[in-house]
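These are my notebook entries on what I looked up in the structure. I kept each entry brief.

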Amino acid sequence: MSGTKANSASFVRDTMLSEQDPPITERGVVKWARENLFSGPLNTFLTIIGAVAIYIILKGLAPWLLHSVWNANSAAECREIIAAAYGEGAHGACWGVVRERWAQFLYGFYPSEHYWRVNLTFILLFVALAPILFANLPRKMLWFSVIYPAVALLLLWGGSVWVPVAALAGFALGWLAYRFALPVTGSLAATVAAVLVPIIWWLFFAGWFAGLAHGILPLGMEQVPSSKFGGFLLSLTIGVTGIAFSLPLGVVLALGRQSDMFLVKTLSVGFIEFIRGVPLITLLFTASLLLNYFLPPGTNFDIILRVIIMVTLFSAAYIAEVVRGGLAALPRGQYEAADALGLDYWKAQQLIIMPQALKISIPGIVSSFIGLFKDTTLVIFVGLLDPLKGITDAIRGSFEWKGIYWEPFLFPALIFFLICFGMSRYSMYLENKLKRDHR
Amino acid sequence: MIKQLFFGSLAATGMMAGFASAATLDDVKARGELNCGVTTGLVGFAAPDANGQWAGFDVDYCRALAAAVLGDGSKVKFVPTTGQTRFTALSSGEVDVLARNTTWTYSRDTDLKLTFVGVNYYDGQGFMVNKSLGVTSAKELDGATVCIQTGTTTELNLADFFKANNMTYKPVAIETNAEGEQQYGAGACDTYTTDASGLAATRASFADPENHIVLPEIISKEPLGPLVRHGDDQWADIARWTLNALIAAEEFGITSANADELAKGTDNPEINRILGTEGDLGAMVGLDAQWALRAIKNAGNYGEIFAANIGESTPIGLARGLNAQWTQGGLLYTPPFR
Amino acid sequence: MAIVADAPKAGFRLSMLIYDTRYRSLTIQVIVMILFMGGVAWLVDNAIQNLQTLGKDFNFGFLWNRAGYDINQRLVEYSNDSTHARALLIGLLNTLLVAFLGCVAATIIGVFAGVLRLSKNWLVGRIMTVYVEVVRNVPLLLWILLTYAALTEALPPLADFRGDNPTSTMVLNNSMAFTNQYTVMPEPLFSRSLGNIDIGIFLISVDLLAIIAVIVGSVLANRAIKAHATRVQEATGDRPVTWWKSLMVTTLPLLALLLALGFHLGYPELGRFNFSGGTEISNSLMALWLALAIYTGAYIAEIVRAGIMAISHGQSEAAFALGLRPGRTMNLVVLPQALRVIIPPLISQYLNLTKNSSLAIAVGYMDLRGTLGGITLNQTGRELECMMLLMLIYLAISLGISAIMNVYNNSVKLKER
């Protein structure tokens, strides 16, 4: 009442009340909780259920996680340490297995003195991917992306420098053939030449050239056979190669499916539906059990290569469907406009249709890639040492780590999560960016 | 024109791929490496260690074979195979020899067109149970839940055994030995059945081995041995006699330590013949005279390999039992080197 | 028109095959045809040669030989004396069983998670986001292995049910038991059973047929009652009270039939090693089922969320403006529209789940791949035949599911005129 004046009636207030805090239920944590957690009977019920669920999970996991042991060299040692520190019968996580075997999870049985090669390949992968992923980088960097497969091949498997050079030379020759044939013979013959010249090169001259060049200038690295590949190295090799090759193949299949030509369309549909209709695991078994039946007698090539081929075909069929969705989503007018401009089929595809269709299908493509990467764990069933079960089984089979269960599964699971989550976030970033483009 | 080109390139592919030859020995020598099919990981028999080096009983056989053929026991590429892919890997030529705890059976030898070159481990299928069940004989297992690895002969033996004894059981199929141990350890099955050697190793790895017993019944014969493809008798001979040389070496007391010494010549003509100082046994299979010497020097004779990988001093701790020399009451009895 | 007719009629030249659009597609198709036929011929020729070299033949006679192995989880009669073809049938039924159960459970989980993720409740929304992101970004194989291990470790072993002071007891009046091998529950038995019909492949219980017939009949009758009530309502404006009629029609005939058949429950009893009597669900089936449902559920949750968010807010506001209660708004306005967005991707999730069920290999569940593509292949060594048959069957299942779901999709699709 300090603000009242003597000459006014005592019941008339002539000054403002000082500002007061809102009631406790309308501010801070309480308001937030009332609005977001307890806004009605149903919500209160859900909140309680959720809290109980979290409590149960934490109660089960917390002691196990809190009793973690890092410095142990065997499962028995882990048990001893936990028993000594937390009493008899206490359970605890034994991360010693990760500390001791992390390299196997990442590199498989790749020789440890050559780990730098794998690391370098992995770092270069990002350099090669950067210009594709982020549009604001200089376009010249794309050249590195083009030669990256050869670099990776050389770094991972080793051998003579000239083998990947000879392989790359095929592409260069094809391009040259196209360039020189175009003015002379017209586009169709030039295209045929651009396909045939490299094939002839690879079949007849590449081996000879590599041998000759290696004789003159023996450059190379120590060879690492693919039987040494395992863990995430194997997953990434299969995954990235599969992804890189399945995209163009998928686009071709999608175009084939949209084609007016009956036969081309039938074959594309048949292929896509067949691949999508069977589980990947049967295709992998086909790679390991049946492929030898269908190749000329005596042919034999690496199981990893066979698996990569199957995984590529598998993923291509899925990408074809995603791209088809993109093609279908394009307004009819775009096709008609391209026709009106007098562009031929390939020009129209290259300049008008594909850039838009691929843009629309990017989220779908990325999620196929995530699926493909996760599916690389299935190679354990054909005897390759994948990070999830192959390496884990090898570790659990050894005497030091017998009886350990959850830890060697959780470590690769965490890495898978980080990689796949990263990819899905990237896809969301792209989606947002492209949305702005359309506005 | 396009058609011609197409068939031309097809022919070229055929040529490129048509390098297969009938003689595995020539292939191996040209490659400079022996491809040996092993398990994806069974400690004691074949498993990669922390550095990715393969070690084990079957692995040492492969190394001995590589030493005999190529002169260097390290020139082996180990191809992990699952129970499912092993025979295909062999018949397709992906591996030259399969040393993967494979039971020698009639149909595998004949119908699957494979050649077993001998037996390197005589095993039999047994049962392990928890003592608290109070079971002392496999005949008391009527109605029990049995953990069993799929894709092996064990599930057929199991079916036959229970049928013959007019009993029923509940099979719990498991994929790998590690899963089997976990299931059995958690009490998800009353008994775990696999080869007795595997049971011993599993029991040894438990925290409380005294609470588990391996039942006395051995319900099947499991002669495990290396095998090769039908149709290359020379290669089969080399694989067979390398194994025989290792076994004979133990019988005649040739060890990795004294092999060089003995190779200078001894009074025993058979030792001389094995080690190449007398006769010309190597040439008969297309190898040089010292092939067996190299095979023995690699990891020692059969007894040394056994002791180092699965013998009583190792964690697996298997007794020789049936796998002792015939002179000591076992079944190892090589044909004479003559 | 006249101009075209006046154009010089050039004779057919070879170059027209390439440069004339009328013929070009023909040329390309012929080339593709030649390439394709050539490729197929090459593969078949290689296969024949390789089979010859290996001394194998190509026939499916092995399917009629004795299988010799046992299968734990089976829907129809099977023993180790049965043929490989019968083992194939068991595997096929097991695949279909887990796929069906998985689809149902995944849909329920997915719809709940999807709706809750949109809920205003902060905590629940976050939990569902974590669930969806964690589950989707880790390989399915891991979920299957972990679920299996969790069931094995968390549930009590059978030994705990034995003895004078068992540490675990059966639940629900001694009728159900969760063990780390299987879950056992009472089985329905009929003391005056009608017997079975042998349809050649397996026996069909007449009791079951009778029950299905009665249920279908009751549902149809119930519908008729409802339809009649609607007609009365439209004619008079008053809806007659039907709930007691519906209740009677749906329950009484079934109860009468069950009484007539002498229905009772067979309770499981603990024997020397295992429970006898009762129906068992093995943990491998349970683990596979749960893992598939949880994994696919996360995808379905996203589909449901996208479907609901695709319906513009104006739709529900319009419905409220018309005076519809929230429940009816959901049923009559939002869901029918959202379903149209949800169904096509849902179909492909069902297909994925069915194909993913082939990962049963990891927990030893005897599905199609485990019998035909696993033990049978192994014991007979017929890779070519087994794998081809396996792929064909999976293909048939996939195409079958697509066909059925497409029919359904067409029925809920927006009818454009």
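**Entry 1: domains of chain B.** I began with the domain assignment of this predicted model. In chain B, domain 1 covers 23–122 + 224–328, while domain 2 covers 125–220. I then looked up the separation of the two centres over C-alpha atoms, and it is 30 Å. Where the domains touch, domain 1 of chain B contributes 13 residues and domain 2 of chain B contributes 8 residues. I also sorted the domain 1 side of chain B by class: I found 7 nonpolar and 6 polar residues, and no charged residues.

**Entry 2: the nonpolar cores.** I turned next to the largest nonpolar core, which holds 252 residues. The members that touch the most others are A:L284, A:V307, B:L65, C:I144 and C:L288. Helix α9 of chain C, residues 283–310, gives the most to this core, namely 18 residues. Another core, of 7 residues, lies apart from it and includes A:W162 and A:W201.

I looked at C:I144 in more detail. Which residues does C:I144 contact, leaving aside its neighbours within four places in sequence? I found C:A287, C:L288, C:A291, C:L359, C:A362 and C:V363. In soluble globular proteins, nonpolar side chains tend to be buried together.

**Entry 3: chain A as a whole.** I recorded 16 helices and 2 strands for chain A. The radius of gyration of chain A is 31 Å, whereas a compact globule of 439 residues would have one near 22 Å. Along the principal axes, the C-alpha atoms of chain A fill a box of roughly 110 × 70 × 45 Å. Of the 439 residues of chain A, 36% count as buried.

Note on methods
Residues are numbered from 1 along each chain as its sequence is written. Chains are lettered from A and ligands numbered from 1 in the order in which they are written. This is a predicted model: local features need pLDDT of at least 70, side-chain atom pairs count only at pLDDT 80 or more; totals for chains, interfaces and linings use all residues. Helices (H or I, at least four residues) and strands (E, at least two) are DSSP runs, numbered from the N terminus. The radius of gyration is taken over C-alpha atoms; the globule rule is 2.2 Å times the number of residues to the power 0.38. A residue is buried if 20 or more other C-beta atoms lie within 10 Å of its own, exposed if 12 or fewer, and partly exposed in between; C-beta atoms are placed from the backbone. A nonpolar core is a set of buried Ala, Val, Leu, Ile, Met, Phe, Trp, Tyr and Cys residues joined through C-beta atoms within 7 Å. Two residues are in contact if their C-beta atoms, placed from the backbone, lie within 7 Å. Domain bounds come from an automatic or database domain assignment. Ala, Val, Leu, Ile, Met, Phe, Trp, Tyr, Cys and Pro count as nonpolar, Asp, Glu, Lys and Arg as charged, and the others, Gly among them, as polar.
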